[in-house]
Amino acid sequence: MMDQNVPRLFAPKAKIMIVDDDRMNLEFFKNLLRDTNAMVTAVEGGRECISHLAEGFDLILLDHMMPEMDGIETLKEIREINSEIPVIALTANAANNGKEFYVGLGFNDYLPKPVEGAVLEDTIRKFLPAELVETKADSSAGAGDLGMGCDISEIEGISLSDGLQYCGSRAALDKFLNTFYNKIEIKAAEIEDAYNKGDLSSFTIKVHALKSTSRIIGAKELSEFAEALEKAGSEGNQAYIDANTGKLLEMYRNYRGRLSGYIEGSHKA
């Protein structure tokens, strides 16, 4: 969360495109950018990104791991059309040499997901044209949200502090808990279907997405389990996938029960 009364990015004339195949991740970044007043366009894949490019953007936030056309392939096409626009890689696979790796591919920088709002704003400020960037004091009541969230801390498998760290406020965390809850059956079925079909590429991309979205809401154990299966998928470790996919799906689906009381209670409030 951002501290009160610190300079905040304000860029109402800036046009920013966010590219990610997962809608929850798109909503997460849109939420982080809300107070910048930037004109944000969110798209769900590389092809859609290229189709919007002619609209003229000042910066692109581009996910690396996407189906059909990944971030690296998308960047190559962007650079054929526009060699100057800043493109920041988004990845849930943070590494010590991450910046060197992505800059070497032609990105201007990279951000590990989920990213905190202050880090995102600092990175955007670095690459937006100076005439588009303003600052304003942050008068939002970030610390005051903590007292409202004590019931979240009682949910098994959810860390309130982690969720607030990434979402930035209680209201945002509530929103993403609700989105996560409503997508469980759909996303679990997609993972299961990819596994049953033996589609290792799709399976790896989908558990990769789960790793990121579960981390956003503070579901650390689920995120780490998804990460282990993503690693197995990337390495072609079918034995590990066979032994653990059922366990992951069971843990994931259990969050319907874990979250139901809180979600239903918040809707009644």
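Predicted model: local features only at pLDDT ≥ 70, side-chain atom pairs only at ≥ 80, totals over all residues.
Let me begin with the overall picture. The protein chain has 10 helices and 7 strands. Of its 269 residues, 47% are buried. If you take contacts between residues at least 6 apart in sequence, 69% of them join residues at least 24 apart.

Which of them gives the largest share of the lining? That would be H8, with 6 residues. In total 17 residues line this pocket, and those nearest its centre are Asp 22, Lys 187, Glu 190, Lys 206 and Ala 209. Sorted by class, the lining has 8 nonpolar, 7 charged and 2 polar residues.

Two of those elements, H1 and H7, also pack against each other, so let's stay with them. H1 covers residues 23-33 and H7 covers residues 170-197; their axes are 11 Å apart and meet at an angle of about 170 degrees. Why call the pair roughly antiparallel? Because the angle is over 145 degrees, the cut-off for that label, H1 counts as roughly antiparallel to H7. On the H1 side, the contact is made by Met 24, Glu 27, Phe 28 and Asn 31. H7 brings Ala 172, Lys 175, Phe 176, Thr 179 and Phe 180. By class that contact has 5 nonpolar, 2 polar and 2 charged residues.

Next, a residue in H8: Thr 213. Is Thr 213 buried or exposed? Its relative accessible area is 6%, so Thr 213 is buried. Setting aside residues up to four places away in sequence, Thr 213 touches Asp 22, Met 24, Asn 25 and Phe 180. You have met Met 24 and Phe 180 already, in the contact of H1 with H7, and Asp 22 by the centre of the pocket.

Let's move on to helix H6, residues 160-167, where we find Cys 167. The buried residues of H6 are Leu 160, Gly 163, Leu 164, Tyr 166 and Cys 167. What covers them? The cover includes H1, H7 and H8. Cys 167 has 3% relative accessibility and therefore counts as buried. Beyond its neighbours within four places in sequence, Cys 167 is in contact with Phe 28, Asn 31, Leu 32, Ala 172, Leu 173, Phe 176 and Ile 216. Cys 167 and Val 115 are 52 residues apart in sequence, yet their C-alpha atoms are 9.1 Å apart. Just after H6 comes Gly 168, with a positive phi of about 90 degrees.

Asn 37 sits in the loop between H1 and strand E3, 39-43. Its phi is near 65 degrees, a positive value in a residue other than glycine. With a relative accessible area of 42%, Asn 37 is partly exposed. Glu 68 is not a glycine either, and has a positive phi of about 70 degrees. You will find Glu 68 in the loop between strand E4, 59-63, and helix H3, 71-81. Its relative accessible area is 84%, so Glu 68 is exposed. Where is the cis peptide bond? It joins Lys 113 and Pro 114, with omega about -10 degrees. Pro 114 lies in the loop between strand E6, 109-112, and helix H5, 117-127.

One last stop is Glu 235, in helix H9, residues 220-235. Glu 235 has 52% relative accessibility and counts as exposed.

Definitions and conventions:
Residues numbered from 1 in each chain as written. Heavy atoms only, no water. Axes fitted to C-alpha atoms, helices over the stretch in contact; angles between N-to-C directions. Helix = DSSP H or I, 4+ residues; strand = E, 2+ residues; numbered from the N terminus. Parallel < 35°, antiparallel > 145°, perpendicular 65-115°, else oblique. Contact = heavy atoms within 4.5 Å. Nonpolar A, V, L, I, M, F, W, Y, C, P; charged D, E, K, R; others polar. 1 Å grid on protein atoms, 1.4 Å probe; cavity = no way out; pocket = protein on both sides within 12 Å on 5 of 7 lines; lining within 4 Å. Buried < 20%, exposed > 50% of the residue type's maximum accessible area, 1.4 Å probe, protein only.
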